[in-house]
Amino acid sequence: MVQGVVSIYMTQANLFEESTNLFMPYYHQAGICYVKKVFDKTGSIEPAISGVPYEDITGALDYYFENCNGGRPFILASHSQGSAIAKLVLKKYFKEHSDYYRRMVAAYVIGYAITRDDLAANPHLKFATGESDTGVIISWNTEGRKNVEQNVRTAVLLPNAISINPLNWKLDATYAPASENLGSLMPNIEAGRYEIVDVGADAQIVPERGSIVTKAEMEPIPEELLEIFNAAFGPDGRHETDYALYYNNIKANVAKRVAAYLNN
């Protein structure tokens, strides 16, 4: 489990280090099989993560704000189940701690849907409208065309989901070609390291679905995980590369939002 956390640091969290001090708390994650059972029964994974996982994260936030933050602005960042928890944090924890929330530069809640219903029910939350607004949520879910054509139900997309395009930072269906991609982070198996490469990762929002579609292919899923991944994310999902495909664009965007916040 500790090695798994190291992998997430290498492929996601470390992109924030050029602009921020990075704090990456451990928490008890709900197992994917349990999450799937809860989702199949309720249509949401929230009941699976609203107990111990959420309490772990809010405990970590309490410690951070009381001992490490020192009154500075901050960024909240997450992926997948972490983003489901981050959404609860935004809706509940920061509603109760508005003094903290006022210092939030942005929340990168990637790989789990933020919906228009979430925003309507929580007027203190704002979704990003461009590349440099602050105090906002940035979110998307990435998939291939087959998922859209088959209208596949996934565990991370919800009705009325909303995404922002990580290449052109628009909310509509304006196509962003791969030429706008500053570099994807992919493993070089032979060299034993991750490298910034061009994998042809374009991006286009499908407004009626609330997802990002790309032509970039995904790294093969291990055979023993293929069935559960297809069930959770569809036969043409790109869930595991939500960050990696747009790695350098996210890094540049973090710097831009931090600068915008400090210049306000």
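What share of the contacts in the protein chain with a separation of 6 or more comes from residues 24 or more positions apart? The share is 74%.

## Overall form

The model is predicted. Its protein chain holds ten helices and ten strands. The C-alpha trace spans about 45 × 40 × 40 Å along the principal axes. The radius of gyration is 17 Å, which agrees with the value near 18 Å that a compact globule of 264 residues would have.

## Surface and charge

Of the 264 residues, 51% are buried. The protein chain exposes about 12,900 Å², and 52% of this area is supplied by carbon and sulfur atoms.

Charged side chains number 23 positive and 31 negative. The centres of the two sets lie 6 Å apart.

## Aromatic pairs

A search of the whole structure gives 13 aromatic pairs. One of them joins Phe65 and Phe94; the ring centres are 6.2 Å apart and the planes stand at 85 degrees, so this pair is edge-to-face. The pair links distant parts of the chain, with Phe65 in helix H4 (residues 52-67) and Phe94 in helix H5 (residues 81-96), 29 residues apart.

Phe65 has a relative accessible area of 8%, which is under 20%, so Phe65 counts as buried. Phe94 is also buried, at 1% relative accessibility. Phe94 forms an edge-to-face pair with Tyr93 as well, at 5.4 Å centre to centre and 80 degrees between the planes. Tyr93 is buried.

## Aromatic cluster

Ring pairs connect Phe23, Tyr64, Phe65, Phe74, Tyr93, Phe94, Tyr100 and Tyr101 into a cluster. The Phe65 and Phe94 pair described above belongs to helices H4 and H5.

Key:
Residues numbered from 1 in each chain as written. Predicted model: local features only at pLDDT ≥ 70, side-chain atom pairs only at ≥ 80, totals over all residues. Heavy atoms only, no water. Helix = DSSP H or I, 4+ residues; strand = E, 2+ residues; numbered from the N terminus. Rg over C-alpha atoms; globule rule 2.2 N^0.38 Å. Buried < 20%, exposed > 50% of the residue type's maximum accessible area, 1.4 Å probe, protein only. Contact = heavy atoms within 4.5 Å. Areas by Shrake-Rupley, 256 points an atom, 1.4 Å probe, with all protein chains shown as cover. Lys, Arg positive; Asp, Glu negative; His and termini not counted. Charge placed at Lys NZ, Arg CZ, Asp CG, Glu CD. Phe/Tyr/Trp six-rings, centres within 6.5 Å; stacked < 30°, edge-to-face > 60°.
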